[in-house]
Amino acid sequence: MTEVHNVDATLRALLADVLGLGAERAAALTEYSGLFGELPEFDSMAVATVLTEMEDRLGILIDDDDVDGEIFETYGNLLRFAERKVQG
């Protein structure tokens, strides 16, 4: 299993847990799946929890300066952001 696959699997599990999506809905997310504003579960309170869980589960540090609205537009954007942080 590659590091990139680990990030994808971890991110899907995180979203399933934090948003209460369940494994099937999380597994069905595509690069273009909308998140914030598209998924009713993904509200402003969820954003902070998702970021905290990403830090914990992926072993990364996310600065406030790193975060902008585009990250949460689609699953693909969030995954690419997470992969960049993991790769350093």
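Predicted model: local features only at pLDDT ≥ 70, side-chain atom pairs only at ≥ 80, totals over all residues.

Residues are numbered from 1 along each chain as its sequence is written, and side-chain values use heavy atoms, with hydrogens and water left out.

**Confidence and fold**

The mean pLDDT (the predictor's confidence in each residue, from 0 to 100) is 94 for the protein, and 94% of its residues reach 70 or more. Confidence is lowest in helix α1 (residues 3–19), with a mean of 91, and highest in α4, with 97.

The protein has four helices and zero strands, where helices (H or I, at least four residues) and strands (E, at least two) are DSSP runs numbered from the N terminus. The radius of gyration, taken over C-alpha atoms, is 12 Å, close to the 12 Å that the globule rule (2.2 Å times the number of residues to the power 0.38) gives for 88 residues, so the protein is as compact as a globular protein of that length. Along the principal axes, the C-alpha atoms fill a box of roughly 30 × 30 × 20 Å.

Of the 88 residues, 38% are buried; buried means under 20% relative accessible area, exposed over 50%, and partly exposed in between (1.4 Å probe, protein chains only). Taking contacts (heavy atoms within 4.5 Å) between residues at least 6 apart in sequence, 62% join residues at least 24 apart.

**Aromatic pairs**

The structure holds two aromatic pairs. Rings of Phe, Tyr and Trp (its six-membered ring) pair if their centres lie within 6.5 Å; planes under 30 degrees apart count as stacked, over 60 as edge-to-face and the rest as tilted.

| Pair | Centre to centre | Angle of planes | Type |
|---|---|---|---|
| F36 and F42 | 6.3 Å | 90° | edge-to-face |
| F42 and F72 | 5.7 Å | 55° | tilted |

F42 lies in the loop between α2 (23–27) and α3 (44–58), while F72 lies in the loop between α3 and α4 (75–87), so their pair ties together parts that are 30 residues apart in sequence. The ring pairs link F36, F42 and F72 into a cluster.

**S33**

S33 is placed in the loop between α2 and α3 and is buried, with a relative accessible area of 16%. A polar atom of the S33 side chain lies 2.8 Å from the backbone nitrogen of T30. Leaving out residues up to four places away in sequence, S33 touches A28, E73, T74 and Y75.

**Helix α4**

Y75 is also one of the buried residues of α4, together with G76, L78, L79, F81, A82 and E83. G88 follows α4 and has a positive phi, near 85°.

Definitions and conventions
Polar contact = N/O pair within 3.5 Å; in protein donor to acceptor, adjacent residues only side chain to side chain.
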